[in-house]
Amino acid sequence: MRADIEAGNFSQSSTVENSAACVPDAISFSESKSAGARFAIMLSAIAVGVTAGILLNTQMSTALTGMFLVLTFIGGLLSTWSPCGYSSLSLLRPAGKYSFGSVARWTPTFITHAIGYAFGALILGGGLGLIGAFLFEQLAFSHMVMGLAALAIGYGAHQLGFLKMPYPQRRAQVPHDARFRFRSSTIGLLYGYALGMNYLTYVQTPILYIVTGAALLSADVTTAITIIAIFNIGRCLPVAVNFLPISNQSVQAWLAKWQERAVELDGFLLLSIGAAALTMLTL
């Protein structure tokens, strides 16, 4: 599969043509780095987090909200480094040679794709908010932050290869054969909804679990929908690269080149923000 990505032929790969095919686990850490180098990344992330927690402690509520929103949005962007991220970028493209006309004809596909993500945020976020309202309405804010911070640190260590955390996901991709059965705008809507639900397909960033936990523990439908929507905006925006005169091969090669760095950034953000949150709570 990696070879297909680097060659820019991901959408034609026989290994992914069947949407029910099992998707392999994400790269859990940079394959090119030694344990010592990865340990240094982990320590630096924790040091950055502790320092930020000390400096921002007087504005704890604002700082925690800001850091979480950044983590949520970037988590959505990092989900592009997933089989479905590659698929969306390569399958939801303007037809024919790049021109103003081809992009104009493709624009409804991008719009329906975004609408699909919005539906996903409403359904998933609304469901999480309702469940949270019944189960966690009385949960103290400090307890919620502590639990999510510990989870973030655990998954940060997981991404750098020092801890094995559970990764419950539906190991499936968007249905690639849909492009033979539906018009482009309909495919955009279907893909957007499937990806916007976040658990109907495989997502290779555990930031999703922190986002899900925050939406659930918020115990508020509006807040939960907003949280999932921010994550989904990050997931949807990369498809906008198809507005530009950039070949699919170039996009896929760039993603393949930076895949391991994306995993490292994933781990760094989880560790640093988790450490910052715990530091603020203990001061």
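Helix axes are lines fitted to C-alpha atoms over the stretch in contact, and angles run from 0 to 180 degrees between N-to-C directions. Helices (H or I, at least four residues) are DSSP runs, numbered from the N terminus.

This is a predicted model, in which local features need pLDDT of at least 70 and side-chain atom pairs count only at pLDDT 80 or more, while totals for chains, interfaces and linings use all residues. Residues are numbered from 1 along each chain as its sequence is written, and side-chain values use heavy atoms, with hydrogens and water left out.

**Helix packing**

Two packed helices are described by the angle between their axes and the distance between the axes.

| Helix pair | Angle | Axis distance |
|---|---|---|
| H3 (residues 60–78) and H11 (residues 259–282) | about 165° | 11 Å apart |
| H4 (residues 83–91) and H10 (residues 248–257) | about 165° | 10 Å apart |
| H6 (residues 141–159) and H8 (residues 207–217) | roughly 170° | within 10 Å |

The packing angle of about 165° makes H3 roughly antiparallel to H11. Angles under 35 degrees count as roughly parallel, over 145 as roughly antiparallel, 65 to 115 as roughly perpendicular and the rest as oblique. H3 and H11 cross in a left-handed way. A crossing is left-handed if the near helix is turned anticlockwise from the far one by less than a right angle, and right-handed if clockwise. On the H3 side, the contact (heavy atoms within 4.5 Å) includes Met-60, Ala-63, Leu-64 and Met-67. Among the H11 residues that take part are Ala-262, Leu-265, Asp-266 and Leu-269. By class, this contact of H3 with H11 holds 16 nonpolar, no polar and one charged residues. For these classes, Ala, Val, Leu, Ile, Met, Phe, Trp, Tyr, Cys and Pro count as nonpolar, Asp, Glu, Lys and Arg as charged, and the others, Gly among them, as polar.

H4 and H10 are likewise roughly antiparallel to each other, and H4 passes H10 in a right-handed crossing. Tyr-86, Leu-89 and Ser-90 of H4 meet Asn-248, Val-251, Gln-252, Leu-255 and Ala-256 of H10.

Met-144, Leu-148, Leu-151, Ala-152 and Tyr-155 of H6 touch Tyr-209, Ile-210, Gly-213, Ala-214 and Leu-217 of H8. The contact of H6 with H8 has nine nonpolar, one polar and no charged residues.

**Pocket and cavities**

On a 1 Å grid over the protein atoms alone, a cavity is a set of points where a 1.4 Å probe fits but cannot get out, and a pocket is an open set with protein on both sides within 12 Å along at least five of seven lines; lining residues have an atom within 4 Å of a point. Grid points are joined across faces, edges and corners, and a volume is the space filled by probe spheres set on the points.

The largest pocket holds about 520 Å³ of space. Its lining has 29 residues, and Phe-68, Phe-141, Met-144, Leu-148 and Ala-214 lie nearest its centre. H3, H6, H8, helix H9 (221–236) and H11 each give two or more residues to this lining, and H3 gives the most, with seven. The pocket lining divides into 22 nonpolar, six polar and one charged residues.

The whole structure has two cavities of 30 Å³ or more, and the largest cavity contains about 70 Å³ of space. Residues lining the largest cavity include Ser-79, Cys-84, Leu-89, Tyr-117 and Arg-235. H4 gives the most to this cavity lining, with four residues. By class, the lining of the largest cavity has six nonpolar, four polar and one charged residues.
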